[in-house]
Structure formats: C-alpha cells, structure tokens
Amino acid sequence: MIEELKNTFESFNKKISKKDTIAKIRSDNFEKFSQLGFPSKKLEDWKFSDFNQIISNKFKNININLEQQNKFKFNNYIKEFEHNKIVFLNGFYNNHSFNYENEEKILFDNLKTGPAYEPQGTNSLNLLNNAFFTDGLLLYVKNGYQCKKPLVIYNVFNTKNDNNFFNQKIIINVEENSKLDLIIYSINLNSVPIFLNTSNFFLVEKYGLLKLFCINELNNNDLNYNLSQVNVTENGIFENFILSCSSAFFKNDIQCILKEKHSSGFINGAILAQDNQHHEIKTNIEHIGQNTKSYQKIKSVLNKNSKAIFQGKIYVDSNAQKTDGYQLSKAIILDQNSEFDSKPELEIYADDVKCSHGSTSGSLDEDAIFYLMTRGLSRFKARKLLIKGFLVDAIETITNEEIKKYFLNKLENKINELR
Amino acid sequence: MLKINNLTAKIENKSILNGLNLEVKPGEIHAIMGPNGSGKSTLANILSGKKGYEISGEINYQDKDLFKLAIEERAHKGLFLAFQYPLEIPGVRTSNFLKTSLNAIRKSNGKKELDALEFLKIVKTKAAELKIDEKTLDRQLNVGFSGGEKKKNEILQMSLFEPKMVILDETDSGLDIDALKIVANGVNTLRNNGRSFLIITHYQRLLDYIKPDFVHILMNGKIAKTGCSDLALELEKVGYNKI
C-alpha cells in the first residue's frame with residue numbers, strides 16, 4: 001500500500017505546496033513515514049493494536065481528497081445547548097459562527113495555506129499527517145478571555161467517491177487566564193469508509209482552562225486516529241473527556257505535559273465497543289513541574305467480538321515533587337470473544353509523590369442482575385441498566401453540566417442500541 | 001395465594017429443604033422462624049426464582065405453577081421478596097431504578113406507565129411515610145447505605161409496587177428499634193384482605209409489631225411445628241431445641 005501511497009503523495013504535494021520549501025518539508029515527512037510504515041504490534045505503543053494489519057484489511061488503497069464543496073446539507077448540529085461552531089467538510093474549513101463571543105478575543109485561521117511541520121519523532125501516523133494534512137485550525141483565545149459558550153468543531157464527511165483519506169490539524173492556544181470548552185465532533189454522513197488521521201496541539205497557559213471533549217459518529221468501517229499533544233503551564237488546567245462508541249478503529253493518543261507548577265491534567269473516558277470494533281485510549285502524562293496533578297478514569301464495556309485497550313502512563317520527573325497522580329481503568333466484558341487489554345505504567349523519579357493506579361476487568365454481576373429481575377426487569381433491561389450505571393461513573397467526571405447531559409444522552413442511545 | 005407441596009431443594013448435593021408444605025391464603029400473615037441453616041433463606045430464594053438449586057415438589061402461586069414463571073414474571077404477578085442483603089448497584093440512581101421497576105410492573109399489568117412527575121409525587125409521599133430522606137432517592141442504589149437504610153429501601157419498594165404476596169427475608173435483622181417500628185408500620189399499612197405476607201425471621205421481636213396469623217418453625221428443611229402467634233413467644237423462652 002505504501003508504494004501506491006507514494007504516487008498519491010507526489011501528485012498531492014505538487015498540487016498543495018505553493019512553495020518549494022514547504023514541498024520539501026512535506027516530502028521529508030513522507031520519506032520518514034515510508035521508512036517506518038504503518039505502526040504494527042512490534043512497537044510498544046501499538047502492541048495491542050496492529051494498525052498495519054487493520055488498515056490493510058480495511059483498505060486496498062487510500063486516496064486523498066482535494067475537492068472542496070461549499071454547500072452541503074447537515075442537520076446534526078447540536079440542539080441541546082447554545083454553542084459557537086466551526087465546520088469542516090471533508091477535511092476543509094467550511095464556515096464558522098462565534099455568535100456568543102467577543103470576536104476580538106478569539107483569533108483564528110485555517111491552515112489551508114499554512115506552514116509545514118518538520119518531521120519529528122517516530123510516530124509514523126503523525127509524520128503521515130505532516131505530509132498529507134490539507135487543512136485545520138489555528139485558534140487563540142486571547143489573554144483573560146473566558147469563552148461564554150462552548151465551541152464545537154464539526155468535522156463532517158460526506159465523501160462519495162473513494163477519496164477517503166483525511167488529515168487534519170487542530171492547534172489551539174488558551175492564553176493566560178482564559179477559558180475554552182471545546183467539543184470535537186467527527187461525523188461521517190456517507191457509507192464510503194474513511195481513514196481520519198488528526199494531529200492536535202494544545203497549549204494551556206498560566207491559569208488557563210481548556211476542557212476538551214471528543215466524540216465521533218463515524219461508521220463501522222471507518223478508522224480514526226487522534227493524536228493530542230498538550231502542554232500545560234503554571235496553574236493551567238486541561239480536562240479531556242472521550243466518548244468512544246463508534247468507528248471500526250478509534251484510538252485516542254494523548255500526550256500531556258504538565259510543564260509548570262500547579263498545573264493539572266484530567267483525562268477520562270467511556271468506551272462502549274461492539275461488533276468487531278477496536279477502541280483504544282492511550283495516555284502519557286508527564287509531571288515536570290512541582291505540585292502538579294493528574295487524574296484518569298476510563299470505563300470500558302465490550303460486546304460482540306470487540307477489543308478495547310487502555311494504555312496509561314504516568315511519568316514523574318525528578319523535579320516534580322508533590323506530584324499527585326491517579327489512574328483507574330475498569331472494564332466489563334459481555335461476551336467470550338471480546339478482549340480488554342490494560343497496561344498501566346508508573347515511572348517515578350521524584351521521592352515526594354502520591355501516585356496510584358488500578359485496573360480491573362470482569363463480567364456483569366449476576367447477583368445484581370437477579371436483584372433487578374426480581375423487581376420486574378427483564379434480563380436484557382437489567383443488563384442495560386447495569387451497563388449504564390457502570391459507564392455513567394465516567395461521564396460524571398464531566399464538569400460542564402450541559403455537556404455532561406448531552407454526553408449522557410449520547411451514551412444512553414448507544415446502550416439502547418445494544419443487542 | 002401460595003401453596004407449597006412437598007418442596008425439596010439441594011445445592012451441590014447438600015439437602016436444604018426436605019419436603020416442605022405450606023399454604024398461605026389471601027390476607028394471611030405467616031411467620032417462619034428457625035435456627036441458622038434451617039433453610040429459611042433458601043425458601044425465599046426459590047420463591048423469587050434464584051437459580052442454582054436442584055428442586056422437586058410443587059409451588060402454586062395464584063393457581064399457576066410458579067416454576068413456569070420467569071423471575072421478572074413473578075414480580076409482574078405481584079410476588080415481592082425483600083432481600084436479606086439488598087444488592088449495591090453503583091451508577092444507578094435509586095429513583096431511576098424505582099421508576100424503571102414500577103413502570104415495568106405497571107406495563108406488564110396493562111397499566112399506564114408513570115411519567116417523571118407522577119412518579120416523583122408518589123415516591124416522595126411513600127418515602128415520607130417510611131421516614132426516608134428524599135436525598136436517598138438521588139443516591140446510587142444501596143451504595144453506601146447503612147443496613148437500616150437498605151432495609152427501609154426494600155420496604156419502600158414494597159409499598160410502591162403494591163405486591164400481592166410479600167416475602168420478608170430477615171428484614172428485621174440489623175434494624176434499630178425505631179427502624180423496626182417504621183418497617184412494621186409499612187407492613188401494617190399494606191395489610192389487607194387481598195395481600196399475603198410471609199415473614200422470615202430469627203427473632204420474635206418483629207412479631208411484637210406485626211401480628212401474624214400463623215407461626216411456623218422450620219427445622220432441618222421442614223416445617224416442624226405450626227401455631228398461632230403465641231408460638232413465637234414460647235420459642236423466645238425455651239429456644240429451638242425444646243420445640
């Protein structure tokens with residue numbers, strides 16, 4: 001597939017890169033990617049997810065989309081709460097509205113003519129993104145500005161031909177004393193399978209607060225890899241919630257650096273995987289500053305031949321005294337053919353720290369099912385109630401009430417669809 | 001209402017019930033007393049449909065073969081067991097559970113399901129009668145409840161579902177005297193000509209507040225003796241060995 005991708009890349013690079021320098025950087029990225037290939041389980045970070053095999057099974061070839069549509073029909077805007085929005089269609093910026101904000105306080109641009117990103121590191125999907133990204137978002141919430149309503153980035157796909165490969169970057173800087181609640185909502189309206197590969201950068205400055213919510217409504221043949229690199233400075237707070245309920249493959253890879261003192265990172269999520277789906281949340285939290293805090297709670301339910309993975313690492317630098325790190329992963333496996341893998345890791349170089357982690361997996365409590373059935377619920381209903389109760393515990397970590405309610409509804413609908 | 005004929009039960013080849021006979025007519029209150037291990041809870045479990053027992057004999061409930069009814073169907077038809085150890089169900093709000101259950105029972109009986117407001121009105125009244133703090137309804141079902149709160153929550157369910165045949169499995173154990181009175185009051189309020197109770201208990205204490213029509217002594221998996229409420233008092237004096 002990589003050979004074919006090479007041809008695709010060359011013609012793509014000619015079209016998209018207006019300057020030779022940019023073409024060169026993209027090309028370097030692609031070169032490095034092609035040496036590494038798609039990640040396979042030989043890599044520690046991918047040991048439970050052989051992406052090379054997954055993509056080879058799903059796609060014969062992947063083609064990039066360069067076609068920009070202006071008008072399109074979209075009825076899935078969130079109605080449950082007022083929000084600002086930026087809409088991307090098939091990977092390209094389409095429209096936006098910041099009706100609830102002082103627009104002078106929010107600076108943003110798309111990345112259509114944007115810069116190129118030098119190849120760094122060995123994450124081949126990130127290199128691939130650097131080579132192929134077509135558009136994205138660069139957004140600043142200016143000093144001291146607290147956004148009044150959440151911002152929803154609608155990432156809509158309605159591709160009809162086999163141009164099914166999308167690479168996007170979202171780069172957000174929450175400046176000092178500013179605040180943003182952000183939802184990234186990816187949705188595929190058509191049945192053409194897509195591979196969405198995103199690389200995001202977030203910077204939370206002093207006393208800033210970024211709440212990031214990720215939800216995708218892609219189809220059961222779609223693949224989605226999200227890489228989020230987050231830096232949090234003094235007293236900044238990064239809160240992340242992931243609802244992982246759709247896509248054949250959905251991996252959220254969060255690398256959060258708590259750079260300066262009193263910064264904190266919260267990464268929570270609920271996974272409901274079924275029908276051969278493969279979902280993963282991978283976190284790497286680096287405590288660099290003193291008095292930094294991290295908290296992670298991931299709840300997973302697996303049904304019908306599915307696989308879910310939580311790989312969570314807490315790294316505590318030798319300078320990061322008074323670190324407080326907590327991590328909990330719990331999974332319920334509903335059928336014999338599903339598999340849950342968990343790899344918690346603590347790497348601690350400071351001596352005055354408080355770090356704990358826990359991981360459990362098991363089946364639904366038969367005694368609890370019996371109890372509910374004696375109260376008139378069918379076995380099916382009793383199971384659903386218990387599954388909901390189990391996952392709601394993760395949703396409860398959401399600190400925006402409107403968004404919490406919205407996610408709760410989404411989750412309930414997914415649980416009601418369970419067979 | 002309930003007719004048990006020659007019921008035997010084994011678990012892992014150990015006999016627990018050895019030919020138990022019992023008839024409860026509509027409106028009657030029966031108390032079953034017995035020492036530890038006599039089979040009291042096994043009887044309650046079998047009536048509610050718990051799996052894992054090797055059973056023979058017959059149980060007729062409202063002239064139907066009870067064994068042919070699924071666990072939830074027994075609940076739909078008005079059989080209610082107040083658990084000795086109510087389960088803790090994390091993440092499920094007590095009020096949501098109560099509403100879901102009540103509506104499942106109503107629906108199966110062809111009654112209209114209650115909406116949130118109608119339900120809230122009823123549940124608040126019933127909770128107040130049982131001196132249950134309204135805040136309890138917002139808590140996760142039985143999670144972190146004290147022993148007394150759990151038992152009172154069972155009685156709340158009983159008074160909401162308005163069952164025909166109530167089995168109380170050692171509901172009195174672990175209750176202080178105030179809670180015991182509240183529970184007894186809950187039972188006495190529901191007592192009527194069409195509703196029957198089977199009260200399983202270790203102690204005579206509860207029977208000071210709920211006057212049974214019959215008292216049975218269960219020993220070695222059989223009813224060893226049946227009498228009126230005085231039997232419980234006698235038992236309290238002389239102990240099981242002398243009966």
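Tutor: pLDDT is the predictor's confidence in each residue, from 0 to 100. This is a predicted model, in which local features need pLDDT of at least 70, side-chain atom pairs count only at pLDDT 80 or more, and totals for chains, interfaces and linings use all residues. Residues are numbered from 1 along each chain as its sequence is written, while chains are lettered from A and ligands numbered from 1 in the order in which they are written.

Student: What pLDDT does chain A average, and where is confidence lowest and highest?

Tutor: Chain A averages a pLDDT of 94, and 100% of the residues score at least 70. The lowest mean, 90, belongs to helix α1 (residues 2-16) of chain A, and the highest, 98, to strand β11 (residues 237-244) of chain A. Helices (H or I, at least four residues) and strands (E, at least two) are DSSP runs, numbered from the N terminus.

Student: Why are β2 and β19 of chain A called edge strands?

Tutor: Two strands pair if DSSP finds at least two bridges between them. The open sheet has 10 strands in the order β2-β1-β5-β7-β9-β11-β13-β15-β17-β19 (chain A), with mixed pairing. Within this sheet, β2 (92-97) and β19 (354-362) of chain A each pair on one side only, so they are the edge strands.

Student: What makes β7 and β9 of chain A a pair?

Tutor: Strand β7 (residues 179-188) and strand β9 (residues 209-217) of chain A are joined by 9 bridges, and the criterion is at least two, therefore they pair. The two strands run parallel, and Lys179(A) has Leu209(A) in β9(A) as its bridge partner.

Student: How is the packing of α3 and α5 of chain B described?

Tutor: Two packed helices are described by the angle between their axes and the distance between the axes. For α3(B) and helix α5 (residues 147-161) of chain B, the angle is about 35° and the axes are 10 Å apart. Axes are lines fitted to C-alpha atoms, for helices over the stretch in contact, and angles run from 0 to 180 degrees between N-to-C directions.

Student: Why is the crossing of α3(B) and α5(B) called right-handed?

Tutor: A crossing is right-handed if the near helix is turned clockwise from the far one by less than a right angle, and left-handed if anticlockwise. The crossing of α3(B) and α5(B) is right-handed, which means that the turn is clockwise.

Student: How many residues form the contact of chains A and B?

Tutor: Chain B gives 20 residues and chain A gives 17 residues, where contact means C-beta atoms, placed from the backbone, within 7 Å. On the side of chain B, α3(B) gives the most, with 5 residues.

Terms used
Contact = placed C-beta atoms within 7 Å.
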